[in-house]
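Subject: Structure handover

Hi,

Here is the structure I promised to pass on. Please open it first, then read my notes below.

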Amino acid sequence: MSSSTDALGTSAAQERSAELEQLIRKDPGQFRILTGDRPTGRLHLGHYFGTLHNRVRLQDLGVETFVLIADYQVLTDRDIAENLTEHVEELVLDHLAIGIDPERSTIFTHSALPALNQLLLPFLSLVSIAELSRNPTVKDEIAHSRQSAVSGLMFTYPVHQAADILFCKANLVPVGQDQLPHLEVTRTVARRFNDRYGNGTPVFPQPDALLSTAPLLLGIDGTKMSKSRGNAIALSATPDETARLIRGAKTDAERHITYDPGTRPEVSSLVLLAALCEGVDPHAVAEELGDGGGAALKRRVTESVNEYLAPIRARRECYAQDRGLVRGVLRAGNQRAGAVADATLREVRAAMNADY
């Protein structure tokens, strides 16, 4: 995909996302969302301002929301899934703490839904090896893989993701720009299945991307915030741990604080973090700090982050005291999602004349 084609695709997705936001406000009940994360570690501020708070917003608007804990997909870029049970429970705790309501949203795991994973088989017949090889997101993930060789799971990841989305017939998927190629695979799978087996009646929707407008937050080392790089502030971090991490954050030698992501990315990321936590414009934060320098900036960020996260951390600590509740949330979510997946698989079998 050329850069010009990519730009056109992103522009179209942005325009469509603006239309979708208006439709959501008018009639949220017509939408069903699939979103989720891999359980590879604690969720952090980059996740929160990038996607998590948007999930809560959509849930609270009345959009039916499915939250996938993608435990099988942990294996896409590593040989074994270490500490999987702990990571899954931590992910549930993070979602409960930020405001995901298990009575209104369905939290579930890959491994608990055999019917979802069985959809992968017919879906794989609908895409070619050449199409999977050209997927730019897969190329990037392979380049950064922890594995010495590319596994079949990594290579077919976009089709597995199509099963994640289509098992519940989600028609809206919140994504970042880098995930647009994955969603296009899902739309292709849905279209081809309908054309091949639908008999004029579509079995699957072609889901739209709800493109995230979330700003990029850098890690404390000035690179992309990531669980695997150890440069992120976890939602569950203590106030002292948060202060220590921010004190060690990379800045620059210029004392006057400005918000200019293009030329001062590290300083601007810290300014932005304070602004997001305070609900104000980042330029206003920079202007208030003026010639205070990096030390004043880091104090401001520490205070803002700790104040913002205080209620989230308190709720998380409360939920963490009852692991039975966490397991109960997951069991209930797996049961609800499993019933949906079973119904979809029955429909797929009937469409393929394999209902026997």
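Start with the contacts. Take those with a separation of 6 or more in the protein chain: 78% of them join residues 24 or more positions apart.

Keep in mind that this is a predicted model. The average pLDDT of the protein chain is 90. A score of at least 70 is reached by 94% of the residues. Be careful with residues 1-5, where pLDDT stays under 50. For that stretch the model has one contact beyond four places in sequence.

Now the overall form. The protein chain has 15 helices and five strands. Its radius of gyration is 21 Å, which agrees with the value near 21 Å for a compact globule of 356 residues. Along the principal axes, the C-alpha atoms fill a box of roughly 75 × 50 × 50 Å.

Next, the surface and the charges. Buried residues make up 50% of the 356 residues. The protein chain exposes about 16,700 Å², and carbon and sulfur atoms supply 51% of that area. There are 38 positive and 45 negative side chains. The centres of these two sets lie 3 Å apart.

- E19 sits in helix α1, which covers residues 3-26. Its relative accessibility is 42%, so E19 counts as partly exposed. L45 is 26 residues away from E19 along the chain, and their C-alpha atoms are separated by 28 Å.

- T186 belongs to helix α10, residues 180-197. Is T186 buried or exposed? Its relative accessible area is 0%, and buried means under 20%, so T186 is buried. Beyond its neighbours within four places in sequence, T186 is in contact with Q161, A162, I165, L166 and P207.

- K169 lies in the loop between α9 (157-166) and β4 (172-175). Its phi is near 55 degrees, a positive value in a residue other than glycine. With a relative accessible area of 25%, K169 is partly exposed.

- N199 is in the loop between α10 and β5 (208-211). Where is its phi? Near 50 degrees, again a positive value in a residue other than glycine. The relative accessible area of N199 is 77%. Exposed means over 50%, so N199 counts as exposed.

Best wishes

Conventions
Residues are numbered from 1 along each chain as its sequence is written. This is a predicted model: local features need pLDDT of at least 70, side-chain atom pairs count only at pLDDT 80 or more; totals for chains, interfaces and linings use all residues. Side-chain values use heavy atoms; hydrogens and water are left out. pLDDT is the predictor's confidence in each residue, from 0 to 100. Contact means heavy atoms within 4.5 Å. Helices (H or I, at least four residues) and strands (E, at least two) are DSSP runs, numbered from the N terminus. The radius of gyration is taken over C-alpha atoms; the globule rule is 2.2 Å times the number of residues to the power 0.38. Buried means under 20% relative accessible area, exposed over 50%, partly exposed in between (1.4 Å probe, protein chains only). Accessible areas come from the Shrake-Rupley method with a 1.4 Å probe; for residues, only the protein chains shown count as cover. Lys and Arg count as positive and Asp and Glu as negative; His and the chain ends are not counted. The place of a charge is taken as NZ of Lys, CZ of Arg, CG of Asp or CD of Glu.
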